[in-house]
Amino acid sequence: MEHKGTITLETGRLILRRFTVGDAEAAFKNWTSSDTVTKYLRWQAHKDIIITRDYINFNLDNYDKTDYYNWAIELKEIEAPIGTIGAVDIKEEIGAVEIGYCIGEKWWHCGYMSEALAAVIKFFFEEVGVNRVYSEHDVNNPNSGKVMLKCGMKYEGTLRQADRNNTGLCDTSVYGLIREDYNARS
């Protein structure tokens, strides 16, 4: 893999970019404070904007690393971030990247997350040179799996009680895409 770090990616409706200090208010309002958004995630909704600021500062502190990938998903129409997407795990030995994401509920079912995920998948295969991208979701959150399928990932199986999120211990469905299949689609 040839790491590039969190560089700006653009789609028709979105700009995937690094977080800035000025993003805290929009992030808190649009998704980090929502119990609905974080229901199936591993982190709890932020009860105070200070937690969101700390999250953004964590990103800012890590952006100088070439193997750190975490984008704010900015909706061009409102010029503000509405969610986040990034690499939650990198396995150098097999050239694999696990992608995690979330978006404010106001923007669910609009195709924004599929658009963002497709851009990140393309980036990882074509720019970084990964062999595999994968993601997982709580089985009780099937819409996340629909996003993965829409982006060409294949369902690989369900792991029983393999994770913990804000609902407790959960079964997770795993989806992946390997280079050979990505190239065949492109």
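This report covers helix packing, aromatic pairs, backbone angles and selected contacts in a predicted model.

## Basis of the values

The model is predicted: local features need pLDDT of at least 70, side-chain atom pairs count only at pLDDT 80 or more, and totals for chains, interfaces and linings use all residues. Residues are numbered from 1 along each chain as its sequence is written, and side-chain values use heavy atoms, with hydrogens and water left out.

## Helix 1 against helix 3

Helix 1 spans residues 24-32 and helix 3 spans residues 49-62; helices (H or I, at least four residues) and strands (E, at least two) are DSSP runs, numbered from the N terminus. The two helices pack at an angle of about 110 degrees, and their axes are 9 Å apart. Axes here are lines fitted to C-alpha atoms, for helices over the stretch in contact, and angles run from 0 to 180 degrees between N-to-C directions. The angle makes helix 1 roughly perpendicular to helix 3 (under 35 degrees counts as roughly parallel, over 145 as roughly antiparallel, 65 to 115 as roughly perpendicular and the rest as oblique).

The crossing of helix 1 and helix 3 is right-handed; a crossing is left-handed if the near helix is turned anticlockwise from the far one by less than a right angle, and right-handed if clockwise. Helix 1 contributes Ala24, Glu25, Ala27, Phe28 and Thr32 to the contact, and helix 3 contributes Ile49, Thr52, Arg53 and Ile56, where contact means heavy atoms within 4.5 Å. Sorted by class, this contact holds five nonpolar, two polar and two charged residues (Ala, Val, Leu, Ile, Met, Phe, Trp, Tyr, Cys and Pro count as nonpolar, Asp, Glu, Lys and Arg as charged, and the others, Gly among them, as polar).

## Helix 4 against helix 5

Helix 4 (residues 112-128) and helix 5 (residues 142-150) cross at roughly 45 degrees, with axes that come within 9 Å. Helix 4 is therefore oblique to helix 5. Their crossing is right-handed. The contact is formed by Met113, Ser114 and Leu117 of helix 4 with Val147, Met148 and Lys150 of helix 5. By class, the contact of helix 4 with helix 5 comprises four nonpolar residues, one polar and one charged.

Leu117, which lies in helix 4, is buried, with a relative accessible area of 0% (buried means under 20% relative accessible area, exposed over 50%, partly exposed in between; 1.4 Å probe, protein chains only). Leaving aside neighbours within four places in sequence, Leu117 is in contact with Ile85, Ile99, Tyr101, Val147, Met148, Cys151 and Met153.

## Aromatic pairs

The model has 12 aromatic pairs. Rings of Phe, Tyr and Trp (its six-membered ring) pair if their centres lie within 6.5 Å; planes under 30 degrees apart count as stacked, over 60 as edge-to-face and the rest as tilted. Phe19 is buried at 2% relative accessibility, and Trp31 is buried at 0%.

Ring pairs also link Tyr69, Trp71, Phe123 and Phe124 into a cluster.

## The loop between strand 5 and helix 4

Gly104 is found in the loop between strand 5 and helix 4 and is buried, with a relative accessible area of 0%. Not counting residues up to four places away in sequence, Gly104 touches Asn30, Trp31, Val37 and Ile82. The C-alpha atoms of Gly104 and Trp31 are separated by 4.4 Å, although these residues are 73 residues apart along the chain.

His109 is in the loop between strand 5 (96-103) and helix 4, and is exposed at 68% relative accessible area. His109 is not a glycine, yet has a positive phi of about 65 degrees. From C-alpha to C-alpha, His109 and Glu79 are 20 Å apart in space, and they are 30 residues apart in sequence.

Gln161 is placed in strand 7 (residues 154-165). Phi of Gln161 is near 45 degrees, a positive value in a residue other than glycine. Gln161 counts as exposed, at 55% relative accessibility.
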